[in-house]
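Reader: Could we go through this model together? I would like to begin with the overall picture and then turn to details.

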Amino acid sequence: MTQHVRDKEPEPTVGASADIDVPGRDVTPRGSRLLELLGLTLVAGAGVLFVVRPDLYEAGAHIFATRAASLVH
């Protein structure tokens, strides 16, 4: 026969206070959702530009490489 587990309060362990859910408290602040949306939009736009205009990335890589080389010499 199987034994049924009774609902017990778990015993607190060291470091367990960070794992406890507090009702009404979000893990992430509300502003981070907006920042995540803006970041995903930026990445999606960069992906579209990479497909539509790959020459922009070549020009950007060239400018980055020449400026990095000028800092070394």
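Author: What follows covers the fold, the surface and the charged contacts of this predicted model.

Reader: Which secondary structure does the chain have?

Author: The chain has two helices and zero strands.

Reader: And how much of the chain is buried?

Author: Of the 73 residues in the chain, buried residues make up 1%. The chain exposes about 7,700 Å², and carbon and sulfur atoms supply 64% of that area.

Reader: Which residues form the nonpolar patch on the surface?

Author: The patch consists of Val-48, Leu-49, Phe-50, Val-51, Val-52, Leu-56 and Tyr-57. Together they have about 690 Å² of accessible area. The elements giving two or more residues to it are α1 (30-52) and α2 (54-72).

Reader: Which of them gives the most?

Author: Helix α1 does, with five residues.

Reader: Take Val-48, then. Where is its place, and is it buried or exposed?

Author: Val-48 lies in helix α1. Val-48 counts as exposed because its relative accessible area is 52%, and the cut-off for exposed is over 50%.

Reader: Changing topic: how many salt bridges does the structure hold?

Author: The structure holds one salt bridge. Asp-55 forms it with Arg-53, and the closest N and O atoms are 3.5 Å apart.

Reader: Why does Asp-55 count as partly exposed, and what about Arg-53?

Author: Asp-55 has a relative accessibility of 40%, so it counts as partly exposed. Arg-53 is also partly exposed, with a relative accessible area of 42%. Both values fall between the cut-offs of 20% and 50%.

Terms used:
Residues are numbered from 1 along each chain as its sequence is written. This is a predicted model: local features need pLDDT of at least 70, side-chain atom pairs count only at pLDDT 80 or more; totals for chains, interfaces and linings use all residues. Side-chain values use heavy atoms; hydrogens and water are left out. A salt bridge is a side-chain nitrogen of Lys or Arg within 4 Å of a carboxyl oxygen of Asp or Glu. Buried means under 20% relative accessible area, exposed over 50%, partly exposed in between (1.4 Å probe, protein chains only). Helices (H or I, at least four residues) and strands (E, at least two) are DSSP runs, numbered from the N terminus. Accessible areas come from the Shrake-Rupley method with a 1.4 Å probe; for residues, only the protein chains shown count as cover. Patches are made of residues with over 30% relative accessible area and no salt bridge: like charges are joined within 9 Å, nonpolar side chains (Val, Leu, Ile, Met, Phe, Trp, Tyr) within 5 Å.
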